[in-house]
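Student: I would like to learn how to read charge pairs and surface patches in a model. Please take them in turn.

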Amino acid sequence: MKKFLFIILFLFSTEAFSQSFYRFRFEEPWSFSASAGMTQYFGELYSFWKYNEGIQPDWNANIAAHYTFGTNLRARMDFSYIKMSGSDPPSDPRAYRTPRNLNFRAQNWEGTAMVEYYLFPVKVPNIHRSLMNPYIFAGVGMSTNNPETQLDGEWVDLRPLQLENNPYNRYIITFPMGLGLKYKMNVYMDLFLEGNYRFTLTDYMDDISAYNISEFYLDLVDDYVSGTNPDRLRLAIRNPNFLDDNGLPDVDKILRNNGRIRRGSGLNHRYDGYMTVNLGVEIYLSPDIWDNFFFRNRVNEKAFRFW
């Protein structure tokens with residue numbers, strides 16, 4: 001009789017133990033993440049590729065949805081707020097850019113679709129996820145593009161002014177790609193660090209493309225003299241060598257110079273881009289996540305950290 005009771009108790013305890021871990025045996029394909037970090041712009045006011053100009057960082061914030069569809073593959077949809085800026089003062093002196101005195105800032109919204117490839121399998125039960133898992137990713141996206149600069153103490157939208165007589169779109173195509181590393185904190189959550197560079201198809205994220213203003217300076221001068229839109233010349237030419245004592249454009253000097261006033265970097269056939277480096281957390285949507293991760297009764301039930 002005692003043997004029989006022992007067997008019953010053993011089977012019951014084994015079943016209970018198995019049930020306690022049963023929730024961790026499911027694959028959870030969906031997860032959501034949130035991250036924030038540094039933004040670095042690359043363009044006419046900053047050239048990582050040719051000169052050593054230091055870091056001119058801004059910040060960004062990101063949320064994303066992830067879906068596992070292959071052994072090492074996951075799909076991902078991102079939505080980001082990205083702040084970026086650039087100016088001449090931190091420029092490398094070898095670039096001879098400081099006299100331009102140009103600057104910009106942008107506050108862009110971006111949506112992207114990407115595919116992630118992981119070094120170790122991700123289509124596994126949550127409890128079997130790798131403790132550390134490097135990954136790479138690439139995709140396509142769309143971002144707003146509305147650079148601004150200050151004039152008389154107020155921020156002015158540059159895109160509608162068409163300072164180079166070359167209209168450009170408010171929305172641009174981006175091609176994000178990069179790499180990251182995930183660290184498994186528990187069965188429900190990962191900590192990750194990733195770098196994401198965006199290639200674009202525009203040279204106007206900073207509103208600057210032309211090497212100088214020689215091709216359109218007469219239009220700028222005409223708008224200034226006639227009063228049609230004087231801000232165009234004031235924003236295009238901020239070099240102190242071509243300003244009068246009141247800080248306004250010296251039209252005679254500009255005309256005598258035939259518009260050979262430096263504007264761009266001279267790096268032809270290179271579009272603007274930007275990079276983000278983010279730290280964030282990713283949460284896997286298990287059916288019992290609310291009971292066992294957020295609202296677990298820690299008094300009556302011993303807590304474990306499941307790896």
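Student: How many salt bridges does the structure hold?

Tutor: Side chains of opposite charge can pair when their charged atoms come close. A salt bridge here is a side-chain nitrogen of Lys or Arg within 4 Å of a carboxyl oxygen of Asp or Glu. The structure holds 13 of them. This is a predicted model, in which local features need pLDDT of at least 70, side-chain atom pairs count only at pLDDT 80 or more, and totals for chains, interfaces and linings use all residues. Residues are numbered from 1 along each chain as its sequence is written, and side-chain values use heavy atoms, with hydrogens and water left out.

Student: Which residue meets arginine 76 in a salt bridge?

Tutor: Its partner is glutamate 194, at 2.6 Å from N to O. Arginine 76 lies in strand 3 (residues 73-87) and glutamate 194 in strand 9, so the pair ties together parts that are 118 residues apart in sequence. Helices (H or I, at least four residues) and strands (E, at least two) are DSSP runs, numbered from the N terminus.

Student: Are arginine 76 and glutamate 194 buried or exposed?

Tutor: Buried means under 20% relative accessible area, exposed over 50%, and partly exposed in between (1.4 Å probe, protein chains only). Both arginine 76 and glutamate 194 are buried.

Student: Where does the pair of arginine 263 and glutamate 164 lie?

Tutor: The side chains of arginine 263 and glutamate 164 form a salt bridge of 2.5 Å, N to O. Arginine 263 is in the loop between helix 4 (251-256) and strand 10, while glutamate 164 is in the loop between strand 7 and strand 8 (171-186), 99 residues apart. Both residues are buried.

Student: Which residues do salt bridges with shared partners join into one network?

Tutor: That network consists of Arg76, Asp78, Glu116 and Glu194.

Student: Which residues make the nonpolar surface patch?

Tutor: Patches are made of residues with over 30% relative accessible area and no salt bridge; like charges are joined within 9 Å, nonpolar side chains (Val, Leu, Ile, Met, Phe, Trp, Tyr) within 5 Å. Accessible areas come from the Shrake-Rupley method with a 1.4 Å probe, and for residues only the protein chains shown count as cover. Met38, Ile55, Leu191, Leu193, Val277, Leu279 and Val281 make a patch of about 550 Å². Strand 9 (189-200) and strand 10 (273-284) each give two or more residues to this patch, and the largest share, 3 residues, comes from strand 10. Valine 277 is in strand 10 and is partly exposed, at 34% relative accessible area.
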